[in-house]
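Keep the picture in view as you read.

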Amino acid sequence: MKRLIVVLAVLGVAGSVTACATGKVPETEMTSSDFDLGPLVGEWRGDYNNPEARRSGTIAFTLRAGESSATGKVVMIPGKADSLAYATAMARSVINISFMRKEGNKVTGTLDPYIDPTCACRVTTNFEGSFKDARTIEGTFTVVPSQSGAQITGGKWKVIRVKRL
């Protein structure tokens, strides 16, 4: 969830999205145990906050009717950067949502692994959330570094459907 929030949060920043996104967004595997993807159809925008890593940003993803996959990217924007180089590196981080699953009222997923500048190592982000109403999903995310001894962090995310497709 946290990673999804990060992804959606970063994409919400129009300037960052335009500057960071290059080419077509790859499709994300989307599954549903109840075969009702209808509640996820649309354009979603929101934000995330990872207080442990001092990062926040915007998220955006789209799911079209009749498709079994969603497209989405997360652009990470640091909340408080230790240096200009760190802020610049993070502002350019665009991460794909690699997997998303809907089961009942719950949504879970994973972001593509990426290099986290805090630990200078590859991390995996998993997210989960639930529908608060027909237009809102809220949840949490966990960032797990591949480097032993590096701190596992996490946070919260929230998206709102801005357009039904």
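Is W44 buried or exposed? In this predicted model, W44 has a relative accessible area of 0%, and anything under 20% counts as buried, so W44 is buried.

Now look at what surrounds that residue. In soluble globular proteins, nonpolar side chains tend to be buried together. Here, the largest nonpolar core has 24 residues, and W44 is among those with the most contacts inside it, along with L40, V107, F127, I137, W157 and V159. Several strands give two or more residues to this core, including β2 (42-50), β3 (55-63) and β10 (153-163). The one that gives the most is β8, with four residues.

Next, turn to the aromatic rings. A pair of aromatic rings is described by the distance of the centres and the angle of the planes. The structure holds four aromatic pairs. In one of them, the ring centres of W44 and F131 are 6.3 Å apart and the planes meet at 75°, so this pair is edge-to-face. Because W44 sits in strand β2 and F131 in strand β8, the pair ties together parts that are 87 residues apart in sequence. F131 is buried too, with a relative accessible area of 12%.

Another edge-to-face pair joins F127 and W157, with 6.0 Å from centre to centre and 85° between the planes. F127 belongs to strand β8 and W157 to strand β10, so this pair ties together parts that are 30 residues apart in sequence. Both of these residues, F127 and W157, are buried.

Finally, come back to where we began: ring pairs link W44, F61 and F131 into a cluster.

How values were computed:
Residues are numbered from 1 along each chain as its sequence is written. This is a predicted model: local features need pLDDT of at least 70, side-chain atom pairs count only at pLDDT 80 or more; totals for chains, interfaces and linings use all residues. Side-chain values use heavy atoms; hydrogens and water are left out. A nonpolar core is a set of buried Ala, Val, Leu, Ile, Met, Phe, Trp, Tyr and Cys residues joined through side-chain atoms within 4.5 Å. Buried means under 20% relative accessible area, exposed over 50%, partly exposed in between (1.4 Å probe, protein chains only). Rings of Phe, Tyr and Trp (its six-membered ring) pair if their centres lie within 6.5 Å; planes under 30 degrees apart count as stacked, over 60 as edge-to-face and the rest as tilted.
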